[in-house]
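The exercises below ask the reader to work through a two-chain structure element by element. Each task is followed by a solution in steps.

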Amino acid sequence: MTNTSGDVPAIEFRDVTKRFGDNVVLDGLNFSVPQGQRITLIGPSGSGKTTILRLLMTLEELSGGLILIDGDPYTHEYKGEKWVAVPEKRRRVVRNRVGMVFQQFNLFPNMTVLENIIESPVHVLGKSKAEAIADAERLLEKVGMSEKRDFNTNQLSGGQQQRVAIARALAMDPEILLLDEVTSALDPEIVADVLDVLREIAETTDITMLLVTHEMQFAREVSDRVLMFDKGQIVEEADPETMFTNPSHERTKEFLKAVLGG
Amino acid sequence: MNDDSIWDWERAWEVLPDLLAGLWVTIQITVLGMIIASVLGLFIALAMRTPSKWLTTPLKFLVDFIRMTPVLVQLVFVYLLLTAVPGYVVGFVVLGVHYATYMSEVYRAGIEAVPKGQWEAATALNMSKGRTWRAVILPQAIRNTLPGLGNYAISMFKETPFLFAISVTEMYKAGQDYGANTFSYIEALTMVGLLFLAVSYPTSLLVRRMEIRLA
């Protein structure tokens, strides 16, 4: 079923609807992300950006529509006319291709840095412990955290925790990486360190990335495409240069003016 | 010291070996009881989280029933019902089951105190449900329950005198027996009280320190 070559998009949203009670967050959303592209989602809070990432990570359940990963139905599918949930066993197969880094890091405090990173490579991917440790050490080096290998997570600063969380997500070798406001909880002087790590990952890998961020300069550097959301709809879609210097939609202009303070 | 005195130091020292033997029984019963309470309490807490009403409704009734009836009545009832089982065993099993119903609440709170982000990170790392519980949720939840466990251990320890009613020679009964033989109840029971205090007060300080460290 998997088809990662050619023009099958890495991610496809088909008529996706998400409601929380009476509150419609996404209403028939369609968009797709080609393999290896870096997409930044911008827009006011409550516009549905984070919900999109959370749906992709199955942290929320769809209310309607389909999400396809490499063309495979991920969370729901049509059986004839009937729209049904994909069983957890099959979701787990597809979920292996998706990784996520959170605003609040969410490291496991009962494990050391190394244990956090090797947990799923060993217990989900079935790697040997030695192999997982070797991979983890390489990743820790990449994010500049080698010396903290055996530290408890509560001995780390926010920026350090986030770098470990990035290494932990990468250890699963994801095809798709979701970054949900990963610098929003950090002190301003640490933000640059984390962005440097992400920039390097963007430059040295071909992971498909979906970012929700308020770091507009960073978004401009790393993304191939920027999607402007408002009220659960894409109001504008453009390359970063156009989006940030010459947006066409009125709503985008207002939003960028507000966040860039221009 | 004259014979009218209500306090006789000699008696107070004389009763001590009996009481220490009783204290040893009391401690054994508390430890065994708390092992049952900890393990069974966890199972109750986990079972209450299943969506199956067929399991949770009768279980909730049973838990309420055990909590809402006096442990003394439960002890005597089970002791009379199961005549073949020694009082010692009835003692720690009944206390253990009784406290398991309280420990299940401590576990429930401990599980709910684990931040939602921990579950989400486990999903993002594609961990199985079982692995998420074992490797992420329970280790953190159980850490949260340690002060509760300590407080209930002290509370169970102080309720072991109820075992007097089912003829287990724990510390209180040892004191009573000595009093019955010598009429020196005051000395014996004072020493019983002091020995209870000598164990539970330092333990409570330990629990309080644990609470502060975990807060």
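Predicted model: local features only at pLDDT ≥ 70, side-chain atom pairs only at ≥ 80, totals over all residues.

**Exercise 1. Overall form of the chains**

Task: Determine how many helices and strands chain A and chain B have, and compare the radius of gyration of each chain with the value for a compact globule.

Solution. 
Step 1. Chain A contains 9 helices and 12 strands.
Step 2. For the 262 residues of chain A, a compact globule would have a radius of gyration near 18 Å; the chain has 19 Å, which agrees. The C-alpha trace of chain A extends over about 50 × 50 × 40 Å along its principal axes.
Step 3. Chain B contains 9 helices and 0 strands, and its elements, read from the N terminus, are α-α-α-α-α-α-α-α-α.
Step 4. The globule rule gives 17 Å for the 215 residues of chain B, whereas the radius of gyration is 21 Å, well over that value, so chain B is more spread out than a compact globule. Its C-alpha trace spans about 80 × 40 × 25 Å along the principal axes.

**Exercise 2. Annotated regions of chain B**

Solution. 
Step 1. The unreviewed UniProt entry places the feature "domain: ABC transmembrane type-1" at residues 23–207 of chain B.
Step 2. Helix H4 of chain B is formed by residues 71–81, and helix H5 of chain B by residues 87–112.

**Exercise 3. Packing against H5 of chain B**

Task: Describe how H4(B) and H3(B) pack with H5(B).

Solution. 
Step 1. Two packed helices are described by the angle between their axes and the distance between the axes.
Step 2. For H4(B) and H5(B) the angle is about 135° and the axes are 10 Å apart. The two helices are therefore oblique to each other, and the crossing is right-handed.
Step 3. On H4(B), Val71(B), Gln74(B), Leu75(B), Val78(B) and Tyr79(B) face Gly87(B), Val90(B), Gly91(B), Val94(B), Leu95(B) and His98(B) of H5(B). The residues of this contact comprise 7 nonpolar, 4 polar and no charged.
Step 4. Helix H3 of chain B (residues 53–68) crosses H5(B) at roughly 115°, the axes coming within 9 Å; this crossing is left-handed.
Step 5. Val63(B), Ile66(B) and Arg67(B) of H3(B) meet Val97(B), His98(B), Thr101(B) and Ser104(B) of H5(B). By class there are 3 nonpolar, 3 polar and 1 charged residues in the contact.

**Exercise 4. A helix pair in chain A**

Task: Classify the relative direction of H5(A) and H6(A) and identify the residues that join them.

Solution. 
Step 1. Helix H5 (residues 158–170) and helix H6 (residues 188–204) of chain A cross at roughly 15°, with axes that come within 9 Å.
Step 2. Because angles under 35 degrees count as roughly parallel, H5(A) is roughly parallel to H6(A). The crossing is right-handed.
Step 3. H5(A) contributes Gly158(A), Gly159(A), Gln162(A), Arg163(A) and Ile166(A), while H6(A) contributes Ile190(A), Asp193(A), Val194(A) and Val197(A). The contact has 4 nonpolar, 3 polar and 2 charged residues.

**Exercise 5. The contact between the chains**

Task: State how many residues each chain gives to the contact, and which elements of chain A take part.

Solution. 
Step 1. Chain A gives 19 residues and chain B gives 14 residues.
Step 2. On the side of chain A that touches chain B, helix H2 (88–95), strand E8 (98–101) and helix H3 (113–123) each supply at least two residues. The largest share, 3 residues, comes from H3(A).
Step 3. This side of chain A has 8 nonpolar, 8 polar and 3 charged residues.

How values were computed:
Residues numbered from 1 in each chain as written. Chains lettered and ligands numbered in written order. Axes fitted to C-alpha atoms, helices over the stretch in contact; angles between N-to-C directions. Helix = DSSP H or I, 4+ residues; strand = E, 2+ residues; numbered from the N terminus. Parallel < 35°, antiparallel > 145°, perpendicular 65-115°, else oblique. Left-handed = near helix turned anticlockwise from the far one by under 90°. Contact = placed C-beta atoms within 7 Å. Nonpolar A, V, L, I, M, F, W, Y, C, P; charged D, E, K, R; others polar. Rg over C-alpha atoms; globule rule 2.2 N^0.38 Å. UniProt positions renumbered as here; feature names shortened; annotations may be inferred.
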